[in-house]
Each structure stands twice: as C-alpha cells, then as structure tokens.
Amino acid sequence: MKSLSIRRTGIVSFLFLSLAFSNTIGCIREDRTTIVYGRVIDEARQPVDSILVRMYSAGFAKPGLPLGHTHTDKDGNYTLVIDVPKGYNSTTVYIPENINTKFSENYKDYLVYQDGQQLGNCCGASIGKKTNYDFLLLSK
C-alpha cells in the first residue's frame with residue numbers, strides 16, 4: 001500500500017509541476033496582437049468610405065509582406081487587428097494608392113495624423129500595441 005501512495009503522490013506532484021510550468025511559459029509568451037485604428041476624411045472634413053488600408057511587415061525581418069487589410073466604413077473609420085507572426089520585427093500601415101480605385105480616381109495624396117499630431121512620414125505600428133492613425137485625403 002505504501003508503494004501505491006508514493007506513486008500517487010509522485011504522479012500528482014508531476015502533474016502539478018507540469019501545469020505550473022506550462023502556465024509560466026504562457027505568461028512569458030509575448031502578445032503580438034497589433035491594433036491600428038483611425039479615420040479617413042477628405043479636405044472638407046467629410047468621412048470617406050471604402051478606402052483600403054493595409055498593414056505590411058517592415059524593418060529587416062521579411063520586409064514588404066502583407067499582414068492584413070481593411071476598408072473604411074461609411075463613417076470613414078477603420079480598424080486593423082493583426083496577430084503579427086514571429087519573425088516580423090515591425091509593421092507599417094498606409095493607403096495603397098495604385099490599387100485603391102476610389103483613392104486613385106479622386107485623390108492625389110494624403111496627410112497622416114497620429115493622435116491628432118501631423119506626421120512628416122508614415123506609419124509604423126509597434127507590435128503588440130494599439131496605435132491611432134488618421135488620414136486626410138487631398139483632392140486632385
């Protein structure tokens with residue numbers, strides 16, 4: 001009987017340690033969910049719907065690969081929620097002009113604002129963070 005009790009205790013201890021170790025590893029796991037949101041408006045400050053917004057990988061690891069995209073809604077709002085795979089060290093968000101028919105027909109360029117401040121260039125998004133970018137479309 002004593003042997004059975006020792007064996008049960010050993011199994012319970014092993015299961016407890018295994019569970020504790022797996023939870024510790026789960027806590028260490030880096031959250032790579034990257035959220036970029038904002039609004040697209042025109043020079044009259046009116047929302048622009050159906051504008052394509054894309055996220056690409058940037059930096060040194062696998063640059064230029066598409067990670068996701070979305071279109072603005074009727075109020076000009078967009079949100080990208082991307083679980084960025086390991087191997088990507090940064091991302092960029094932009095409005096692709098050449099494949100965005102509504103943009104290319106009506107607009108020549110855009111200005112970018114992060115948290116209300118105009119930027120000189122566009123638009124890195126930190127992996128695992130939430131970032132706001134608003135776009136002001138400039139008419140032809």
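Is Tyr110 buried or exposed? With a relative accessible area of 13%, Tyr110 is buried, a term that stands for under 20% relative accessible area, while exposed stands for over 50% and partly exposed for what lies in between, with a 1.4 Å probe and protein chains only. The structure is a predicted model, in which local features need pLDDT of at least 70 and side-chain atom pairs count only at pLDDT 80 or more, whereas totals for chains, interfaces and linings use all residues. Residues are numbered from 1 along each chain as its sequence is written, and side-chain values use heavy atoms, with hydrogens and water left out.

The chain holds two helices and 10 strands, where helices (H or I, at least four residues) and strands (E, at least two) are DSSP runs numbered from the N terminus. Read from the N terminus, the order of elements is α-β-β-β-β-β-α-β-β-β-β-β. Of the 140 residues of the chain, 32% count as buried, and the accessible surface comes to about 8,900 Å², with 55% of it belonging to carbon and sulfur atoms; these areas come from the Shrake-Rupley method with a 1.4 Å probe, and for residues only the protein chains shown count as cover. Among contacts (heavy atoms within 4.5 Å) with a separation of 6 or more, 66% are made by residues 24 or more positions apart.

E1 and E4 run antiparallel and are joined by seven bridges, with Leu80 in E4 as the bridge partner of Val36. E1 also pairs in the parallel sense with strand E9 (residues 130-132) over three bridges, where Tyr37 stands opposite Asn132, and in the parallel sense with E10 over two bridges, where Ile41 stands opposite Leu136.

A further set of strands forms an open sheet of four, in the order E3-E2-E5-E8 and with antiparallel pairing. Its edge strands are E3 (66-71) and E8 (124-125), each of which pairs on one side only. Strand E2 (residues 52-58) is joined to E3 in the antiparallel sense over five bridges, and Leu52 stands opposite His71 in E3.

Within this sheet, Thr91 has its place in strand E5 (residues 90-94) and is buried, with a relative accessible area of 3%. Its side chain reaches the backbone oxygen of Ala125 at 2.8 Å. Leaving aside neighbours within four places in sequence, the contacts of Thr91 include Tyr56, Leu67, Val84, Cys123 and Ala125. Lys74, in the loop between E3 and E4, counts as exposed at 66% relative accessibility. The C-alpha atoms of Lys74 and Val48 are 7.0 Å apart in space, although the two residues are 26 apart in sequence, and Lys74 touches Pro47 and Asp49 when residues up to four places away in sequence are not counted.

Ile95 touches, among others, Val40, Phe103, Tyr110, Phe135 and Leu137, not counting residues up to four places away in sequence.

Because Tyr56 lies in strand E2 and Tyr94 in strand E5, the pair ties together parts that are 38 residues apart in sequence. Tyr56 is buried at 15% relative accessible area, whereas Tyr94 counts as partly exposed at 25%. Tyr110 and Phe135 form an edge-to-face pair, at 5.2 Å centre to centre and 80° between the planes, which links distant parts of the chain, with Tyr110 in strand E6 and Phe135 in strand E10, 25 residues apart. Phe135 counts as buried at 1% relative accessibility. Tyr110 and Phe135 also belong to one aromatic cluster with Tyr78, Phe103 and Tyr107.

Conventions. Polar contact = N/O pair within 3.5 Å; in protein donor to acceptor, adjacent residues only side chain to side chain. Pairing = 2+ DSSP bridges. Phe/Tyr/Trp six-rings, centres within 6.5 Å; stacked < 30°, edge-to-face > 60°.
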